[in-house]
Amino acid sequence: MDPHDGLRFHVLGPVRAEHNGHPLPVGSPSQRAVLAVLLLGGRPATPRELAAALWGDAPPEGAGRTLRTCISRLRATLGQEALRSEGGAWSIRVGPEALDATVFAAHLAAASAARAAGDLAAARERLGAALALWEGTTALAGLTGPYAERERARLDDLHATAREDLLDCAIAAGGHAEAVADLRALVAEHPLRERSRALLMLALYRSGRQAEALAVFDAAPEPGPGLTGLHDRILAGDGALSAPSPGTPPGAAPDGLPPGIPDFTGREELLARIKDASVLAPVALTGPAGVGKTTLAVHAAHALRHAHPDGRLHLDLRGTGPAPLDTATALAQLLHALGVDEQAVPEDEAHRTALYRSLLHGRRILVLLDDARDEDQLRPLLPNSPGCTALITSSAPLDEGIPVPPLTGAEALHLLETIADRPCPDAPAVLEACAGLPLTVRIAAGSGAGSGSGDVLQAAYDALDPEQARAFRLLALADTPSFDTATAAAVLDTDAGTAAAIANHLAAAGLLQPLAPDRHRHHDLLKLFARRQSEHADSPPVRDAALLRLLDHHLATAANALLHNRPDSPVPRHVRRPSVAGQPLHDRAAAAAWLRDAHPHLLATVDQVLRLDAPGGVRAATDLLTTWGQLLVGTGLHADLEPSARQALERARKDGDDISTARALRLLGTPHFGPDTYERAEAELRESLRTAGADPLILTLASHEHGALLLAMGRPEEALPLLARAEDAFRAEGSPTHAAEALADRAGALSALGRTDEAVEAIGRATEEARALGHVPTLVHALTESGRTLLRAGRTATATDRLREALALAPTPREEALLWARLAHCRLDQHLHRDAIADAERALTLEAGVGAPYCRAVALWARGRALLALGEPRPAQGHLREAQELFARRGAAEAGALRALLDEEFPPR
């Protein structure tokens, strides 16, 4: 394992570091300030950026020398692998669990998700864990400089918000009387925080202390409308303020373990060793394919289930296959298993890791990680909570792994006769042929084969009829870890009943492993054997056709899912017509469940088809990515498509396929308008439109996306004709939800051009169209843009109403965070500066869980402006600078306005 795994850093209090629990010397205040910048900045920092962070615009003489000394001493303390130089910039490379601020943010996100799901106990547990990370109530204690002041203000605000959230949960759970003392202390520390004061009033009122609750209001310096409204409700004796009845218990614990094998035999000594070792550390079972590692791990996991009442997870890492599961996809699957909706899955790996670790914290959960490639693949997936257990299987040697040997003669004989359900006169010869491998023993028992380990497989295969043998071969071709009946039917080009009967026969013969009533998998050894048989028996066109039918099955099913989510989508009409019908999906819930389960399978299938030299393969893969991408709009999973989209682009260009080239370029330019900068995404969308010719998909989707991006870059005069063209094209296509969204964005362009009356008229039409259509995502989009457009037009009260209406529609976490940030700007326009700060804090808390830099910048901008108005310029400057940097890094139009504000309020010396 990495020697730097034991490094831990603390910024929630005095800045300090430790290694395996032992304190490390981090030196002078300047050295600790450099360490804080590198830890919290999230990216490599150049010497100039470090100097600005420590000293602002006027670094002292010798600043460069001081920085070099700090870096040198930190490298000596932390190690050169932890503190690296990259292209003239410095960065610290540690996992997200190594920094208390990252763990803190993940706990807050998990608490927010738990509270939204109605699980108050889990939310309180997460908030308690988050607050336990703090040493005192001041982050970066003792550090000076612009960056430290800015980050201190941000972290201290989050700390106060977490305390409020915890006490809010306590009140909601009926602990109002006990919360009073802590709330009095919080109000004394932060007299201007209206939420703390409101919670204290509510707790006192529910405790029968109405007069004291009213006195708390009277002591407020400048009560805002929210606090005033609560005061009036208390005076009126509003029954809705009374304590609620106890809530319902949280849902059942996740249980994703494969079914146990009833004829499991032997391995008593190994099972005892696993049980003892699992108390102390992750348990890794190692050994060659076929030796029974997975079966043993599943049996052990079921034996340990009573010690893990909070859940059991299973994940096939596909380490020995051609397409091992990457870390980001693995984390997404684990988060789904833990109940995180795909809309709430963070976009980047670091946020996913932090959320995963936070959800495991304080719980007793078993995680079975099957078929690991190596320790690098495992490291981010291992639980770090004392109550959790990790069971691992791997064909690769792992540190402190437990080797799984072949079965003893007695164990193998018992297994053979148990499965065959009869004595075996030729058992010695059969067992010698099986070499103690449970896999071959099972196959021998199921097929009556014997005489040589290789011959056992061959004899079992030879015993199949031609239809079964073809199925065994073709079902092994896909790089996916398992398949259901509908998938098998598509690959085999048959009906579901026939496919199910064949799969069940192969399972009875030991040639497939049943995972669930409707799901099977090939053992890796059998998959390799089946593929070798296919190379001899099936021509390349036959094998390619099977994989294309698999992709067509996914494409047809994705189109079915998309039509449930957006019935008027133009995409299914303009992608390749699949050769199969796809899996029927009865409603949006079924579509969401299919997408969640199919996500990794689709990735593997697309990548595999793109490696083929099959006619139509590139178009089919690109069309699946296009359809699938529409299902992932607004989620962090959209970024997972980028590697496949780049591969599709390379193949399409090589083949001279302009339509596939244009569609792949659009995919790369679409997710959040590019994961790094708007400039890159704009170039890709522009090239997509130039390459597409008359492709109706690009003329609609890419025109809209390109126009919206140009608007975000501050180029409304270029955006307006594109958005108008997209709106007309969507209406011609019969896609009114898309047309309403394009109209809403066109209103934004008109507003940016100063054509206010036209903008207000357009956004009004877009909002009314969206309401009439009843499509919630479209209405949320129209209401969000309405709030922005009406605020620019000086109609702040109506803008606020539109944003609050959108919040009531249960938007995605990313949408909700942006809505709160926009509301904060409305509050500023109403001179409700404390309310603006509270709304910005809500946005930042939500953003911390999903990673949305643009939203973060909008919220920081509002908070900075509010603090300026309240006479707190030092923290305001930090928030505004960070917001400006975030906008500028992406190429957003707001960067210029913020730069002007900073220059006006804080002119360079």
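Q: Which backbone oxygen does the side chain of His775 reach?
A: The side chain of His775 reaches the backbone oxygen of Asn565, at 2.9 Å. A polar contact is a pair of N or O atoms within 3.5 Å; within protein, one atom must be able to donate a hydrogen and the other to accept it, and residues adjacent in sequence count only if both atoms are side-chain atoms.

Q: What kind of model is this, and how are residues numbered?
A: This is a predicted model, in which local features need pLDDT of at least 70 and side-chain atom pairs count only at pLDDT 80 or more, while totals for chains, interfaces and linings use all residues. Residues are numbered from 1 along each chain as its sequence is written, and side-chain values use heavy atoms, with hydrogens and water left out.

Q: Back to His775. Where is it found, and is it buried or exposed?
A: His775 is found in the loop between helix 34 and helix 35 (776-792). Helices (H or I, at least four residues) and strands (E, at least two) are DSSP runs numbered from the N terminus. His775 is buried, with a relative accessible area of 9%. Buried means under 20% relative accessible area, exposed over 50%, and partly exposed in between (1.4 Å probe, protein chains only).

Q: Which residues is His775 in contact with?
A: Leaving aside neighbours within four places in sequence, His775 is in contact (heavy atoms within 4.5 Å) with Asn565, Arg566, Thr737 and Ala770.

Q: Changing topic: how many salt bridges are there?
A: The structure holds 61 salt bridges. The term denotes a side-chain nitrogen of Lys or Arg within 4 Å of a carboxyl oxygen of Asp or Glu.

Q: Which residue forms a salt bridge with Arg150?
A: Arg150 pairs with Glu882, the closest N and O atoms being 3.9 Å apart. Arg150 lies in helix 6 (residues 146-172) and Glu882 in helix 40 (residues 873-890), so the pair ties together parts that are 732 residues apart in sequence. Both Arg150 and Glu882 are buried.

Q: What about Arg519 and Asp484: where do they lie?
A: Their side chains meet in a salt bridge at 3.7 Å, N to O. Arg519 is in strand 13 (residues 519-521) and Asp484 in strand 11 (residues 483-484), so this pair links distant parts of the chain, 35 residues apart. Arg519 is partly exposed at 25% relative accessibility, whereas Asp484 is buried at 12%.

Q: And which residue does Arg731 pair with?
A: Arg731 forms a salt bridge with Glu769, with the closest N and O atoms 3.2 Å apart. The two partners lie in helix 32 (residues 716-733) and helix 34 (residues 756-773) respectively, 38 residues apart. Arg731 is partly exposed at 36%, and Glu769 is partly exposed at 24%.

Q: Where is Ala840, and what does it touch?
A: Ala840 is in helix 38 (residues 833-850) and is buried, with a relative accessible area of 0%. Not counting residues up to four places away in sequence, Ala840 touches Ala824, Ala859 and Arg863.

Q: What about Leu54: buried or exposed?
A: Leu54, in helix 2 (residues 47-55), counts as buried at 8% relative accessibility. Beyond neighbours within four places in sequence, Leu54 has contacts that include Ser30, Leu67, Thr144 and Pro146.

Q: Which residues touch the most other members of the largest nonpolar core?
A: Of its 119 residues, these are Leu317, Leu369, Leu511 and Trp594. A nonpolar core is a set of buried Ala, Val, Leu, Ile, Met, Phe, Trp, Tyr and Cys residues joined through side-chain atoms within 4.5 Å. Leu317 is itself in contact with Leu369, and also with residues including Pro324, Leu325 and Leu381.

Q: Last topic: how many cavities of 30 Å³ or more are there?
A: The count comes to three. A cavity is a set of points, on a 1 Å grid over the protein atoms alone, where a 1.4 Å probe fits but cannot get out; lining residues have an atom within 4 Å of a point. Grid points are joined across faces, edges and corners, and a volume is the space filled by probe spheres set on the points. The largest cavity has a volume of about 110 Å³.

Q: Which elements give two or more residues to the lining of the largest cavity?
A: They are helix 12 (293-303) and helix 18 (438-447). The lining residues include Thr295, Leu296, Pro438 and Arg442.

Notes:
On a 1 Å grid over the protein atoms alone, a cavity is a set of points where a 1.4 Å probe fits but cannot get out, and a pocket is an open set with protein on both sides within 12 Å along at least five of seven lines; lining residues have an atom within 4 Å of a point.
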